[in-house]
Amino acid sequence: MVPRALEIEAKMGTRKKVRAFVRVKPTDDFAHEMIRFGDDNKSIDIHLKKDTRRGVVNNQQTDWSFKLDGVLHNASQDLVYETVAKDVISQALDGYNGTIMCYGQTGAGKTYTMTGATENYKHRGILPRALQQVFRMIEERPTHAITVRVSYLEIYNESLFDLLSTLPYVGPSVTPMTIVENPQGVFIKGLSVHLTSQEEDAFSLLFEGETNRIIASHTMNKNSSRSHCIFTIYVEAHSRTLSDEKYITSKINLVDLAGSERLGKSGSEGRVLKEATYINKSLSFLEQAIIALGDQKRDHIPFRQCKLTHALKDSLGGNCSMVLVTNIYGDAAQLEETLSSLRFASRMKLVTTEPAINEKYDAERMVKNLEKELALLKQELAIHDSLANRTLVNYDPMDEIQIAEINSQVRRYLEGTLDEMDIINLRQIQEVFNQFRVVLSQQEQELESTLRKKYILIDKNDFAAISAVQKAGLVDVDGHLVGEPDGQSFGLGVAPFSTKPGKKSKSRKTFKEQLSSSARKEGASSPVGGKDLDVSFSKTQLTPSSKDGDIKDMLLRDRETSNIEPLPSDSPKEELRPPRSSTPPSKSVAFEDFKNERGSEINRIFKENKSILNERRKRASKTTQRINAIKREIDITKEALNFQKSLREKQGEYENKGLMIIDEEEFLLILKLKDLKKQYRTEYQDLCDLRAEIQYCQHLVDQCRHRLLTEFDIWYNESFFIPEDMQVALKPGSSIRPGMVPVSRIVSLGEDDQDKFSQLQQMMLPDGPDSVSFYNAKVKTEQKVTLGVDISRKVGPQGPH
């Protein structure tokens with residue numbers, strides 16, 4: 001038995017410190033005299049020479065020592081990932097949140113560590129390797145149904161941007177994104193989250209976001225990231241084998257911070273200077289939050305000072321396993337910035353987090369489990385009743401017939417015609433008491449109705465009615481109604497005017513006798529008078545009385561008749577299926593048969609969509625050629641116009657009333673250039689429309705291809721792999737839905753030249769099968785950029801000037 005303390009500790013999680021690593025950027029001019037590493041590769045010693053210009057008395061500190069979790073010097077990308085990220089990603093599939101953050105000076109290698117070089121598979125960074133590990137681990141866990149979603153957030157100049165909003169099915173957000181907190185944590189309202197079912201899709205989303213990042217150039221880094229980026233992987237795992245309603249979720253934040261920079265060294269100006277100001281400000285707020293988290297006496301943590309710390313609130317000090325990678329220079333010229341980065345890493349090691357498994361409950365599965373438990377308890381009750389010789393006991397809720405039977409037994413018990421009531425379960429006891437209440441209420445209503453027919457009933461609290469009868473002389477000297485039996489409740493009856501006061505008590509007695517006799521004549525028996533209640537327990541079933549037998553039989557017949565479904569007059573004959581061969585045909589042959597028979601309609605739509613797509617591509621190609629031809633003609637016309645202008649300036653310019661006089665040839669060139677620009681803009685607009693149509697047609701073609709392949713897969717498995725005696729279950733209206741048969745991989749659908757080229761490229765990849773998804777996503781992103789950007793570079797939205 002697990003002790004209570006250990007059980008609570010396992011559920012809530014234990015506090016652990018943030019792990020901090022340092023990665024040194026390789027350089028030919030490494031400062032060996034100033035930077036030394038410990039023998040265990042877990043410490044760095046910094047030695048700085050004293051400034052002799054400060055004089056003889058100089059208290060300047062010259063030595064620093066930093067204890068870390070690891071120093072990565074001249075380390076490959078493989079070693080960095082194995083050391084820093086592998087354990088965090090592994091724990092994510094067990095329900096633990098994780099965060100990996102890269103921090104450091106501009107140009108120190110943060111983006112290379114996090115993303116890597118997308119041109120070379122071996123140089124990929126932590127982020128693509130984490131995606132690969134997640135999908136590899138999913139393949140190794142067939143007992144769980146695991147879904148993966150991703151999002152990509154950019155924080156630029158204290159504004160939030162969705163790096164995946166350029167996808168055609170997302171689009172830009174109308175309202176600005178905001179950071180929202182709820183009991184479950186912090187999330188970004190308006191940030192798109194994308195479901196990824198395979199590794200290649202995740203890489204495509206990563207590369208799509210990378211192309212939208214904002215970069216700039218300065219003296220220290222020609223491709224400097226000007227924003228903080230957070231790539232988040234959301235994992236949700238449901239057990240396939242256990243019927244437990246609990247499932248686990250986790251979130252992995254991969255943070256690439258913009259680099260801190262000294263404006264004097266980077267030489268930033270204009271927009272880059274403004275960006276650097278925002279970057280340094282947010283990093284300063286991040287350091288303040290880290291200092292506050294490391295101080296155990298601090299109650300308030302300033303997370304809301306900037307968007308970066310607010311978005312990372314859960315990661316910095318909450319339910320999360322966090323790892324920091326600090327990137328530093330090895331050059332002597334950057335030693336002051338290196339010291340600042342190492343101080344930040346030391347402060348981060350003082351921060352503690354409390355990672356715990358994120359468990360949630362599936363409401364639908366919980367209902368199913370409760371239904372199963374209820375059925376099991378009923379079975380146990382049935383076994384118990386059988387052992388106790390109690391047969392035919394029903395524990396289901398009572399229907400109308402059973403309730404009517406209990407009501408009849410209660411009435412006969414009150415009338416005295418039934419001595420005992422057989423009780424067999426608790427539900428019947430509750431219903432018996434409920435029917436006693438119903439009968440009592442009905443008898444009270446019947447009694448009041450009978451009295452109102454014979455007497456005038458006046459409420460003693462109705463002062464207006466009492467005043468009226470007082471004026472009529474129907475009230476005695478004490479203010480009571482004449483004929484009131486006991487001085488309580490309401491008065492009954494009206495005495496004649498000749499009634500003497502001395503006969504008051506006698507008249508009351510006579511009234512009581514008349515009331516009791518009239519009540520007996522009407523058959524209204526009091527539920528509390530006469531015989532006491534006698535409820536006995538028996539092991540036999542309820543038996544209806546002869547008086548209500550006909551009613552019960554009629555209700556039973558009606559219920560049975562309503563439950564019987566009418567049988568069709570003519571049963572359909574079985575389909576005559578041709579005898580199936582012992583061995584199924586090849587999928588290529590079967591696919592051709594499928595396209596001509598069951599999948600003919602989908603195949604027709606697929607061919608039509610593909611022909612439309614090819615026609616649009618040809619039109620776009622011709623339009624592009626026309627645009628390039630117009631562009632060349634514009635350039636030639638501009639050269640000729642410039643030549644005429646220079647010739648006019650050499651010969652001397654003529655003016656008439658302040659207007660420049662030009663010759664006819666130059667005038668014609670100006671008109672021609674104006675017409676060419678007009679044609680240029682028209683053709684460019686047509687090209688933009690065609691590109692939108694091509695994108696939409698490509699989406700339709702992909703949908704049709706996927707639908708055709710899916711339908712063929714279902715048809716092939718159901719036609720050739722399911723036993724013939726089970727074919728009946730697959731007919732319409734049966735319990736087995738088409739597509740429930742397991743699906744295997746099938747041959748691809750009629751590839752065009754581009755598809756065949758892609759297959760050949762996959763076969764010839766030099767880095768093995770693991771790199772296929774990486775390169776496929778890279779190629780698709782480059783093709784998209786080539787289609788969208790290259791034409792824009794040639795054409796431009798406004799045309800030449």
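Author: Ala, Val, Leu, Ile, Met, Phe, Trp, Tyr, Cys and Pro are counted as nonpolar, Asp, Glu, Lys and Arg as charged, and the others, including Gly, as polar. The model is predicted, so local features need pLDDT of at least 70 and side-chain atom pairs pLDDT 80 or more, while totals for chains, interfaces and linings use all residues. Residues are numbered from 1 along each chain as its sequence is written, and side-chain values use heavy atoms, without hydrogens and water.

Reader: What makes the second largest pocket a pocket, and what volume does it have?

Author: On a 1 Å grid over the protein atoms alone, a pocket is an open set of points with protein on both sides within 12 Å along at least five of seven lines, whereas a cavity is a set where a 1.4 Å probe fits but cannot get out; lining residues have an atom within 4 Å of a point. Volume is the space filled by probe spheres set on the points, which are joined across faces, edges and corners. The second largest pocket comes to about 1100 Å³. Its lining has 35 residues, and closest to its centre are Asn97, Gln184, Thr249, Lys251 and Lys360. By class, the lining holds 16 nonpolar, 11 polar and eight charged residues.

Reader: Which element gives the largest share of that pocket's lining?

Author: Strand 16 does, with six residues. Elements that each supply at least two residues include helix 1 (4-12), strand 8 (144-156) and strand 16 (246-256). Helices (H or I, at least four residues) and strands (E, at least two) are DSSP runs numbered from the N terminus.

Reader: How many cavities of 30 Å³ or more are there, by this rule?

Author: Three. The second largest cavity holds about 60 Å³ of space, and among its lining residues are Glu158, Arg226, His228 and Tyr278. Helix 8 (residues 270-294) gives the largest share of this lining, three residues. The lining divides into three nonpolar, four polar and two charged residues.

Reader: Why is helix 13 called oblique to helix 14?

Author: Helix 13 (residues 400-415) and helix 14 (residues 426-454) pack at about 60 degrees, with axes 9 Å apart. That angle makes helix 13 oblique to helix 14, because under 35 degrees counts as roughly parallel, over 145 as roughly antiparallel, 65 to 115 as roughly perpendicular and the rest as oblique. Axes are lines fitted to C-alpha atoms, for helices over the stretch in contact, and angles run from 0 to 180 degrees between N-to-C directions. The residues that meet include Ile403 and Tyr413 in helix 13 and Phe436 and Val439 in helix 14. Their contact (heavy atoms within 4.5 Å) has nine nonpolar, five polar and two charged residues.

Reader: How do you know whether helix 18 and helix 20 are roughly parallel or roughly perpendicular?

Author: Helix 18 (residues 587-596) and helix 20 (residues 664-720) pack at an angle of about 110 degrees, with axes 10 Å apart. They are therefore roughly perpendicular to each other. Lys587, Ala590, Phe591, Phe594 and Lys595 of helix 18 touch residues of helix 20 that include Leu708, Phe712 and Trp715.
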